[in-house]
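Here are my notes for you on this protein model. Have the sequence and the 3D view open while you read, and turn the view around as you go.

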Amino acid sequence: MSAEIVTVTRGSSPLILSMPHPGTGVPPEVAAQLNERGRLVEDTDWHMRQLYGFAAPFAPSVVEAQLSRFVIDVNRDPSGVSLYPGQATTELVPSTTFDGAPIWQTAPDANEIERRKAAYFQPYHAALAAEIERVKAEHGYCVLWDCHSIKSVIPRLFPGTLPTLNLGTNSGESCAGSIEAAAVTAMARHPFTQIANGRFKGGWITRHYGRPSSQVHALQMEIALSAYLSEETAPWTFDAPKAAVLQTALSAIIAAALDAAKTLERSRS
């Protein structure tokens, strides 16, 4: 499995951090098709590894995409079905930026999209699925935390300013209710605007892998970039003092979810 597509860092706990959108890599044949705007890969989830550095004491596994979502979005339904029918979104292979600006000088056709699914989409999900099975075999359950960030103001996607913390559990279907409740309670203790299952209820990763009945509990956290960057524009500079406040909150939320999952597993056994 090519390191330029996905990297896997194995941990020793039930926690997996999935990072589908921090990558900026673009294979040469794809770069040749992008226009000048597309080559900026601006809709990246910037600095995910650095932001989630606080999670080291949880001993998580980390599954991280290395390619830009402009190559193919590993958090979209591979069938092409929209995750948010009736709402603006981007596709399996995005045709525009979040703001609606075209990104291709030569738009990929159906055959090219199928090629990218095999070459780039499938390796990420093979790695993630294998890690979920390994963690489940070792611990009996898995907490999958899907890590995301986005600009706080994108009129095409949502009105006004996005809350800082956006927890998604596919409206309660992707994890046990007690785990969601623990995460929401912990989230409410911190001084950030927040919502659960609002505009972002969880992408394909959360919806596809979250199976509480099979002891796989998936939660997505979408974070406004304003919470940890100096500015929500290039060069996308990480602001360590600002991020520290956010990291304290995220650590408490993840700890609460893990504690609830452990309690649930004990009661099940």
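1. **Before you start.** This is a predicted model, where local features need pLDDT of at least 70, side-chain atom pairs count only at pLDDT 80 or more, and totals for chains, interfaces and linings use all residues. Residues are numbered from 1 along each chain as its sequence is written, and side-chain values use heavy atoms, with hydrogens and water left out.

2. **The sheet.** Start with the open sheet: seven strands in the order S1-S3-S2-S4-S7-S5-S6, with mixed pairing. Strands (E, at least two residues) and helices (H or I, at least four) are DSSP runs, numbered from the N terminus, and two strands pair if DSSP finds at least two bridges between them. At the edges sit S1 (6-9) and S6 (194-196), each of them pairing on one side only. From one strand to the next, the twist averages 15°.

3. S2 and S4 run parallel, paired over four bridges; leucine 15, for instance, has valine 143 in S4 as its bridge partner. Helix H3 packs on the sheet, touching S1, S2, S3 (61-65), S4 and S7, and its direction makes about 175° with that of S3. Such angles run from 0 to 180 degrees between N-to-C directions, using axes fitted to C-alpha atoms, for helices over the stretch in contact.

4. **Cores.** In soluble globular proteins, nonpolar side chains tend to be buried together. Here the largest nonpolar core has 44 residues, and among those with the most contacts inside it are Trp145, Met221 and Ile223. (A nonpolar core is a set of buried Ala, Val, Leu, Ile, Met, Phe, Trp, Tyr and Cys residues joined through side-chain atoms within 4.5 Å.) Which element gives the most to this core? That's H6, with eleven residues. A second, separate core has 40 residues, including Val74 and Ile205.

5. **Phenylalanine 121.** Look for this residue in helix H3. Is phenylalanine 121 buried or exposed? At 1% relative accessibility, phenylalanine 121 is buried; the cut-offs are under 20% relative accessible area for buried, over 50% for exposed and partly exposed in between (1.4 Å probe, protein chains only).

6. Arginine 115 and glutamate 29 form a salt bridge, with the closest N and O atoms 3.3 Å apart. Arginine 115 is in H3 (110-139) and glutamate 29 in H1 (28-31), so the pair ties together parts 86 residues apart in sequence. The rule is a side-chain nitrogen of Lys or Arg within 4 Å of a carboxyl oxygen of Asp or Glu, and by this rule there are 14 salt bridges. Both partners are partly exposed: arginine 115 at 32%, glutamate 29 at 38%.

7. **Two more to find.** Glutamate 138 and arginine 134 meet in a salt bridge at 3.2 Å, N to O. These two are four residues apart in H3, so about one helical turn separates them. Arg10 and Glu131 are linked with them in a network of salt bridges. Elsewhere, glutamate 42 pairs with arginine 37 in a salt bridge at 2.6 Å; glutamate 42 is buried at 10%, while arginine 37 is partly exposed at 32%.

Methods:
Contact = heavy atoms within 4.5 Å.
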